Amino acid sequence: MLLLDLFKMALRSLIANTMRTFLTALGMIIGVASVISMISIGEGARQQTLSTIEKFGTNIITIKPGRKKNRHVSSDTVKTLKLSDAEALEKNIPLISGVAAQAYRSAQLKYGSKNTNTTVRGTGEKYLKIANFNIDRGRFFSKEEVRSVRKVAVVGSTVVKNLFGAMNPIGKEIKVDGNNYLVIGSTQQKGALSWFDPDDQIFIPVTTAQKRLFGIHHIQSIDVQVINMDDLEEIKKDIDLLLRIRHGIHESEDSDFHVQNSSQWLNSWGDAAKTFTYLLGGIAAISLLVGGIGIMNIMLVSITERTKEIGIRIAIGAKKREIMEQFLIESVLISFIGGGLGILLGILISRTVSKIGGWETIVSTQSIMLAFGFSVGIGIFFGFYPARKAANLNPIDALRYE
Amino acid sequence: MIEISNLSKTYLLGNVPVHAINDISFRINTGEFVAIMGPSGSGKSTLLNLLGCLDLPSSGTYLLEKFNIRSLKPNQLAEVRNKRIGFVFQNFNLLPRASALENVELPLIYGRTKNSRKIAIEALNKVGLSERYKHRPNELSGGERQRVAIARSIVNKPAIVLADEPTGNLDTNTGKGIMDIFSMLNNQGTTVIVVTHEKDTASVTKRTIEMKDGIIDRDIKTEELSY
């Protein structure tokens, strides 16, 4: 009952100074809106990165030639990784569901009068599953076709579009750097990532790529798919050990290959994006703080202005607590209004950013709760001192105040 | 009702102690109508603040009904001010943004009294303001504002009504009207104490306490007051 009356009193005094209330709340509005929109942008960037990485599959261990620490050595020029390494891994490492050796290079494709430049990826029959591709039409090549070095190709959806248009590519002969290859399948579209288009490539047996197309004896990477993520570290150790033995490298020496997995990427990317989000949110939180100080400032002015009113209230029997509550409610109400409008504005900003900038933004319930809780907290925190000052006024002096 | 014994109030003005009230004692019984008079600086305002529990004495005792005011805690004092004392001020002291009715309701709200609206209307009717409830103070005349203030002071049915120069800001006729209301309230049993320096105002009362230099100079029946 009393609280409701105090609430009404606070509301009345805010309405009596509508412009001032709005300007005071504006600090909170901007603060909350920036917290919400900044976090939504950061969160959007994070989710986009994560989903991009997840497209590769998270349960993949990748082995590349060259030392990891030496960034200046390009993996492509190091020729230490062989197809036999991949076969050995498949044979000897337990708890894995597939191994796919890869050799790739860009090449000229030709069908009829149409040309396109694309990546030719020589790989094993398990690559389709490991790399999370699905067959659209036809089929992927078989183990037998890999062994017998067949000139067959499975084409990505972008290549289909570029070379065949609406035609069915299955059974057609295409020229890869002048050699004929039979198209036996096409993959479903995966969607372009920010830095490359996984659909803009064709897959041929790794043996064919080595012997007939690239004329090389090494491979550029090996993907190993793990059955259970829990075994990941164990398997990485096994791979490292096996390859060291095969390459004759002692444990104390630097190896000529490196083993990494996509979940590491995922974590470090996720961490980086999280830091980014916190940074943005932190900067925005400063404006919230400034908004809070604005509230305190106005409350102090308001209390000086209303010294006499406070004196009257004390004289007719208001307790300290009730005076304090009245002014606290007022400051919380301002920050509440500011918080509410700020949330709306923040959502609007993040929508606009994703519409105009084409960025993905995610307004999470948590960020709304955070911003709202923060703003109410600021209302209480910065309202407390002025309210206490009001409650501690000497009624005789306050009544005499003009 | 009110029992004051050896009451003193000393302020420090810089380092110099000022004895605003110096060891005074008196009694006021239920139903009395008292004027407190005296020149400015005589201590009558200080006495009023003490009687109204806005200030605490330096020494001595103040008994209001069963309460020993000096021993009460701030919240209890607030409650005494709310329930047992009604204030009327020279410059009305109404809340400018609240209507007449809301001003009168305010003590009831702080006292957590139910049916505050109905009780407040009754109080307004009692002081002769049966309309204009919804008006704000700045839409009312001085006399009407003081009536609202009186309604506010009696709305909680206090033991005493303390009025500080209630006619000071009003013309003679309006002031008379206000004093008539106090007389009427007194006739109905309310104890009224009026601080004033105007003899006309004091003449309505039944007893006059004259202050001078922090002590009681005279305590007489008002009719004995020489003009």
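Strand β1 (residues 2–13) of chain B runs antiparallel to β2(B), and nine bridges join the two. Strands here are DSSP runs of E of at least two residues, helices are runs of H or I of at least four residues, and both are numbered from the N terminus. Two strands count as paired if DSSP finds at least two bridges between them. Within this pairing, Leu7(B) stands opposite Ile24(B) in β2(B).

This is a predicted model, in which local features need pLDDT of at least 70, side-chain atom pairs count only at pLDDT 80 or more, and totals for chains, interfaces and linings use all residues. Residues are numbered from 1 along each chain as its sequence is written, while chains are lettered from A and ligands numbered from 1 in the order in which they are written.

Now widen the view to the sheet. Four strands of chain B form an open, antiparallel sheet in the order β2-β1-β4-β5. Its edge strands are β2 (16–28) and β5 (67–68) of chain B, each pairing on one side only.

Next comes the whole chain. Chain B has seven helices and 10 strands. Its radius of gyration, taken over C-alpha atoms, is 17 Å, close to the 17 Å that the globule rule gives for 227 residues, so chain B is as compact as a globular protein of that length. That rule is 2.2 Å times the number of residues to the power 0.38. The C-alpha trace of chain B spans about 50 × 45 × 35 Å along its principal axes. Of the 227 residues in chain B, 46% are buried. A buried residue has 20 or more other C-beta atoms within 10 Å of its own, with C-beta atoms placed from the backbone.

Val155(B) gives a local example. This residue lies in the loop between α5 (142–154) and β7 (160–164) of chain B. Val155(B) is buried, with 26 other C-beta atoms within 10 Å. Beyond its neighbours within four places in sequence, its contacts include Val104(B), Pro107(B) and Ile119(B). A contact means C-beta atoms, placed from the backbone, within 7 Å. Asn103(B) is 52 residues from Val155(B) in sequence and 10 Å away in space, C-alpha to C-alpha.

Finally, look at the contact with chain A. It takes 20 residues from chain B and 18 residues from chain A. On the chain B side, α2 (74–83) and α3 (100–110) are the elements that give two or more residues. α2(B) gives the most, with six residues.

Technical notes:
Contact = placed C-beta atoms within 7 Å. Buried ≥ 20, exposed ≤ 12 C-beta atoms within 10 Å, placed from the backbone.
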